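Here is a short briefing on aromatic rings and model confidence. Look at the structure first, then read the points below.

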Amino acid sequence: MAAPLARPAKTPAPQAAPPLTGPAGPAVSAGPGKPGGPGTRRGQRRAVALFTVPFFALFAAVTVLPMIYAAWMSLYREESSGLGFGGTERVFAGFGNFTEALGNEAFLRSFGNIALYIPAMVGGALVLALLVDSAMARARRFFQIAYFLPHAVPGLIASLIWLYLYTPGLSPVTDALDAFGANWNFFGEDEAIFSVVNISAWQWTGYNMIIFYAGLQAVPREVLEAATVDGAGALRTALQVKIPMIRPTVVLTLLFTCVGAIQLFDAPKLVQLRANTMGEDWSPTMFIYTVAFKGHDYGLAAASSLLLALAAGLLSFVVTKLGNRWKAS
């Protein structure tokens with residue numbers, strides 16, 4: 001009789017290593033090469049620095065350093081001695097250039113000259129956006145592209161195109177006006193400002209319209225349907241429903257337009273070269289250009305440019321505060 005086979009001895013099952021614990025419970029320490037480890041975090045910091053350092057270097061080179069140099073120049077002025085025969089010397093003026101700029105009537109008037117620019121850019125764009133967004137609008141995509149296309153034209157090229165269209169004897173527009181017996185001098189004393197506003201409106205209204213239209217698309221459709229059910233017409237819906245619901249978009253566009261308006265240069269400068277009725281200090285940037293490169297008063301020009309930058313910052317602050325107040329209400 002064969003002896004029974006011996007049963008193999010059971011080997012104890014391997015026990016799992018106790019989890020590492022920390023103050024917040026079980027945790028596993030990440031090694032240098034594991035995701036989330038010190039090596040990974042250092043690599044992420046290097047990647048961030050690699051992408052951001054070139055930007056900050058260019059920003060410092062083209063923005064910060066010129067502003068510092070302009071601030072230094074604004075503290076000095078050139079004075080001549082010996083009835084103009086003894087040459088010029090640079091003397092410390094302190095804040096004298098700033099007070100001279102703030103007391104300069106031409107510099108202050110230049111801010112008022114661009115007042116027509118802002119309503120045309122914002123109001124016209126808002127009207128176009130409401131028309132494109134209306135229920136009766138057709139071919140919306142076509143009109144969006146058609147209104148936005150002028151913005152793709154560089155400002156200098158757009159100004160040259162309109163300068164050609166304003167010139168009598170060359171422009172088909174002036175020929176058509178003459179054929180209908182309408183005499184309009186685009187370079188006249190009272191008409192030149194409208195010529196400048198027209199150039200800027202042609203180029204920027206479509207851009208603002210796209211921003212407004214994007215905001216209108218975010219208005220809930222059920223709100224508009226409820227207004228229609230309550231008997232509100234298209235005009236009342238636009239004024240009392242759509243516009244109040246896109247206040248942040250209006251504030252953003254108003255901010256962009258205000259900052260862009262005080263930097264207006266190419267359109268008024270080219271019109272001024274053709275129209276003798278416009279002064280060389282029509283806009284703030286034209287005033288700075290004239291003072292610097294024709295009057296050779298670089299201290300006053302530097303002080304005026306810093307005041308212009310300060311005005312842009314104050315406009316941004318005021319418009320942003322106004323937008324926040326509208327949101328709260």
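Rings of Phe, Tyr and Trp (its six-membered ring) pair if their centres lie within 6.5 Å; planes under 30 degrees apart count as stacked, over 60 as edge-to-face and the rest as tilted. Searching the whole structure gives 18 aromatic pairs. The model is predicted: local features need pLDDT of at least 70, side-chain atom pairs count only at pLDDT 80 or more, and totals for chains, interfaces and linings use all residues. Residues are numbered from 1 along each chain as its sequence is written, and side-chain values use heavy atoms, leaving out hydrogens and water.

**Phe142 and Phe143**
- Their ring centres are 5.3 Å apart and their planes are at 75°, so this pair is edge-to-face.
- Phe142 is exposed, at 57% relative accessible area.
- Phe143 is partly exposed, at 33%.
- Buried means under 20% relative accessible area, exposed over 50%, and partly exposed in between (1.4 Å probe, protein chains only).

**Tyr166 and Phe187**
- Here the centres lie 6.1 Å apart with planes at 85°, so the pair of Tyr166 and Phe187 is edge-to-face.
- Both Tyr166 and Phe187 are buried.
- One aromatic cluster is formed by Trp162, Tyr166, Trp184, Phe186, Phe187 and Trp202.

**Confidence**
- pLDDT is the predictor's confidence in each residue, from 0 to 100.
- The protein has a mean pLDDT of 81, and 83% of its residues reach 70 or more.
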